[in-house]
Amino acid sequence: MNFGFNEEQELLRSTARKFFENECSSTVVRGLMEGREGMTPELWKKIAEQGWIGLIYPEEHGGMGLGFVDLVVLLEEMGRAVMPGPFFSTVLLGGLAILEAGSAAQKKEWLPRLATGEARATLAWMEPSAALGPQGIALQATPSGKGHRLSGTKLFVPDAHTADAVVVAARTGGTGESGVSLFLLPTRTPGLEVKLLPTMDQTRKLCEVTLSDVAALSADALLGEAGAGWKPLGRVLDRATVALCAEMCGGAQKVLDMTVEYAKIRQAFGRPIGSYQGVKHRAADMLVDVENSKSITYYAAWAMDEGAVEGPLAVSMAKAYVSDAYRRVSAAGIQLHGGIGFTWEHDLHLYFKRAKGSEFTFGDATYHRERVAQLVNL
Amino acid sequence: MDFTLTPDQQAFRDRVRSWLKDNLPAESSARTRRPTSDIPRPEQYDFMRKWQRRMYEAGFVGLTWPKEAGGQGLSFMEEMILAEEMALSKAPPILNILAIGMAGPTVIAYGTDEQKRRYPPKMLSCEEIWCQGYSEPNAGSDLASLQTRAVKDGEHYVINGQKVWTSLAHIADWMMLLARTDADVPKHKGITYFLLDMKSPGVTVKPLKQLTGDAEFNEVYFDNVRVHESQILGGVNNGWQVGLTTLMYERLALGFGIQVRLRIALDGLVDMARQTKKGGVVATQDPIIRQKLAQLWIDTEAFKYTGARAITKLLRGELPGPEASAGKLMWVEGHQRLQELAMEIQGPYAQLMAGSEWAVADGIWQHTFLRSRANSIEGGTTEIQRNIIGERVLGLPKG
């Protein structure tokens with residue numbers, strides 16, 4: 001047993017931390033979040049040049065062929081920098097769906113272009129019902145000629161407004177898991193409309209995607225087999241959930257670091273506030289939350305890499321724990337900073353809002369606790 | 001990152017597993033089926049002495065101790081495997097836990113050749129049971145304020161004073177005793193660590209009845225107790241350093257055990273919940289109870305993996321980082337919440353103690369619930385643990 005990172009992973013971490021400190025400072029983050037795109041072409045190109053977009057894609061598709069644990073290291077650092085932009089949606093949603101469900105031709109067409117930063121992709125699975133299971137996929141795909149025609153609304157689709165392609169989960173029949181199909185549609189497809197939504201967390205751009213009798217007629221419009229889309233989609237969502245947990249861990253660690261730093265310097269009644277137990281004890285609780293979050297996320301990442309049978313359980317344990325922990329830690333960070341922590345000028349609100357958004361992405365703690373209860377046969 | 005065992009570790013696990021299968025006493029499951037076995041209860045002592053002896057003879061006590069001290073010279077990994085296998089098979093814990101977890105490693109670290117030859121083997125075989133004489137009525141969290149005096153008289157020291165909360169003192173043969181040998185220097189610098197024979201004249205042990213009704217702790221009084229200077233461990237006035245070493249080992253030893261104890265308690269709780277109806281519905285089907293059980297399940301696993309990260313650091317020869325310091329806090333919070341949930345599941349029946357035919361599961365949860373209140377006090381209060389994390393891990397200034 002070895003529950004630690006290897007030298008290459010530690011090197012990736014220090015490289016990534018330095019990169020984001022230089023290229024994605026809080027000033028840069030604020031500029032990006034105010035903008036519509038959430039990213040600049042220059043920064044996106046630099047990220048691509050690091051090989052990070054294709055980190056987990058096989059080498060034959062222009063990737064680096066590394067594992068999920070490696071990706072976790074990188075995502076922790078992105079979460080630490082509270083980096084905006086389409087990295088997550090391209091790599092873990094659109095890209096991963098193509099990797100999991102796509103044909104050899106589809107992978108060959110898309111993955112190398114994603115890896116170099118030429119193209120971006122995302123995934124539209126949630127609908128206005130906000131239901132998380134397969135029953136939530138209700139958008140109708142009606143057979144038409146050799147293909148289908150799609151109509152309906154998808155919600156909470158990250159970065160659809162800057163994506164070149166969107167993978168749409170739709171219902172081609174049946175109920176529940178059977179009858180869910182994945183379609184790979186260029187975002188400029190006629191009838192497909194994207195509307196950017198104002199979000200609490202401005203570093204995360206979410207969209208409404210409306211499909212009005214969209215024609216998905218060509219053979220390569222379907223990603224995988226018709227009606228068999230839930231399984232690959234479930235795998236994508238499980239992996240994306242662990243990746244999100246890693247981002248959240250990085251953010252929580254940064255909030256703890258900022259808070260401890262401040263508590264050492266800020267004076268009240270002639271002493272640093274960190275010397276008061278009311279502050280010190282809350283900081284200790286933050287540390288427990290952060291360390292447990294990392295442990296359970298790393299374990300889930302390992303389970304993903306190994307394809308372990310307990311994978312889905314590990315995913316839900318991680319998301320349940322980390323959702324609560326990041327919320328608590330980011331709120332405590334604001335509290336321990338006092339008034340300055342409530343200002344727009346201080347970076348804490350970026351983390352607090354990211355925590356809130358992440359909490360409800362891919363299912364909140366309540367949802368995942370129930371999933372844990374089911375998976376352990378309570 | 002890899003959670004699989006090496007072939008050697010697998011072989012060790014198989015050996016433990018098959019030994020436990022063949023050697024677990026039939027009566028053990030009934031004797032030890034308490035959902036948490038914090039500290040053995042009086043009716044279990046004889047049985048547990050024999051059980052530790054058998055484990056010792058099979059080579060399963062003192063795994064990480066060096067061979068010359070009677071140990072097995074193995075790593076923390078084997079220690080963890082053993083703890084998990086014992087939990088899985090519901091094996092009784094070992095009785096002489098204070099000797100194995102604390103006194104032994106400290107004697108091995110600081111003892112003279114004679115001390116190292118004399119004490120460790122009988123700790124392992126359970127021939128001599130040890131207790132820990134640290135806390136006093138006015139020195140708990142602030143341990144360095146201890147007032148028990150040791151005054152030099154020729155080759156001897158004369159001890160006067162009192163200890164309290166002393167587990168196992170009523171059956172112990174030896175005590176790790178911290179006493180003040182110099183009152184004129186700063187309080188940390190005048191303390192000496194003695195190995196005290198509990199049969200010495202002048203030692204009086206009085207059981208201390210707790211709010212559970214049990215008396216697992218004691219008060220120990222010293223009235224002109226004479227100890228030869230050869231019984232000093234680690235040098236005169238060096239007791240604070242030696243005592244801290246003991247506490248470091250306590251935290252390490254505790255780390256393996258408590259993770260497993262939480263798992264045993266949780267399994268017991270899930271079993272109880274499956275057999276208990278709440279408002280006409282099986283408790284595990286109540287959505288609120290399910291949420292709380294699932295959260296405990298998640299916390300227990302998070303705790304386990306946080307422990308695994310600490311062990312990985314130890315195995316790499318690094319010092320345990322922040323993840324180790326958080327262990328006690330996590331365990332206490334989780335276990336007390338678990339015990340509260342056990343009461344919530346039982347509802348009004350939670351009021352009934354053993355002896356009532358209406359009591360759930362013979363009333364064992366009532367005892368463990370009450371006992372769990374001590375968790376946040378014993379072995380360093382929760383407040384002290386938070387201070388330690390705040391100051392030594394996060395680097396916040398002292399108050």
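## Conventions

Two residues are in contact if their C-beta atoms, placed from the backbone, lie within 7 Å. The structure is a predicted model, in which local features need pLDDT of at least 70, side-chain atom pairs count only at pLDDT 80 or more, and totals for chains, interfaces and linings use all residues. Residues are numbered from 1 along each chain as its sequence is written, while chains are lettered from A and ligands numbered from 1 in the order in which they are written.

## Domains 1 and 2 of chain B

Chain B is divided into domain 1 (7-124), domain 2 (130-237) and domain 3 (242-393); such bounds come from an automatic or database domain assignment. Helices (H or I, at least four residues) and strands (E, at least two) are DSSP runs, numbered from the N terminus.

The C-alpha centres of domain 1 of chain B and domain 2 of chain B lie 26 Å apart.

## Domains 1 and 2 of chain A

For chain A, the domain assignment gives domain 1 (7-119), domain 2 (122-227) and domain 3 (231-375). The centres of domain 1 of chain A and domain 2 of chain A, taken over C-alpha atoms, are separated by 23 Å. Here 21 residues of domain 1 of chain A are in contact with 19 residues of domain 2 of chain A.

Three helices of chain A, α2 (26-34), α5 (87-101) and α6 (104-115), each supply at least two residues of the side of domain 1 of chain A that touches domain 2 of chain A. Of these, α5(A) gives the most to that side, with eight residues. By residue class, the side of domain 1 of chain A divides into 13 nonpolar, six polar and two charged.

## Overall form of the chains

Chain A has 11 helices and 10 strands, and chain B has 12 helices and nine strands. A compact globule of 378 residues would have a radius of gyration near 21 Å, and chain A, with 21 Å, agrees.

Buried residues make up 54% of chain A, and 46% of the residues of chain B count as buried. A residue is buried if 20 or more other C-beta atoms lie within 10 Å of its own, exposed if 12 or fewer, and partly exposed in between, with C-beta atoms placed from the backbone.

## The interface between the chains

Across the interface, 40 residues of chain B are in contact with 37 residues of chain A. The largest share of the side of chain B that touches chain A, 15 residues, comes from α9(B). This side of chain B divides into 21 nonpolar, 10 polar and nine charged residues.

In helix α11 (residues 365-375) of chain A, the buried residues are Ala365(A), His368(A), Arg369(A), Arg371(A), Val372(A) and Ala373(A). Their cover includes α9 (311-337) of chain A together with α9 of chain B. After α11(A) comes Asn377(A), whose phi is positive, near 60°.

## Packing within chain A

Helix α4 (residues 68-80) of chain A and helix α8 (residues 277-306) of chain A have axes that come within 8 Å and cross at roughly 145°. Axes are lines fitted to C-alpha atoms, for helices over the stretch in contact, and angles run from 0 to 180 degrees between N-to-C directions. From α4(A), Phe68(A), Val69(A) and Val72(A) meet residues of α8(A), including Tyr298(A) and Trp302(A).

Met258(A) has its place in helix α7 of chain A. Met258(A) is partly exposed because 18 other C-beta atoms lie within 10 Å.

Technical notes
Nonpolar A, V, L, I, M, F, W, Y, C, P; charged D, E, K, R; others polar. Rg over C-alpha atoms; globule rule 2.2 N^0.38 Å.
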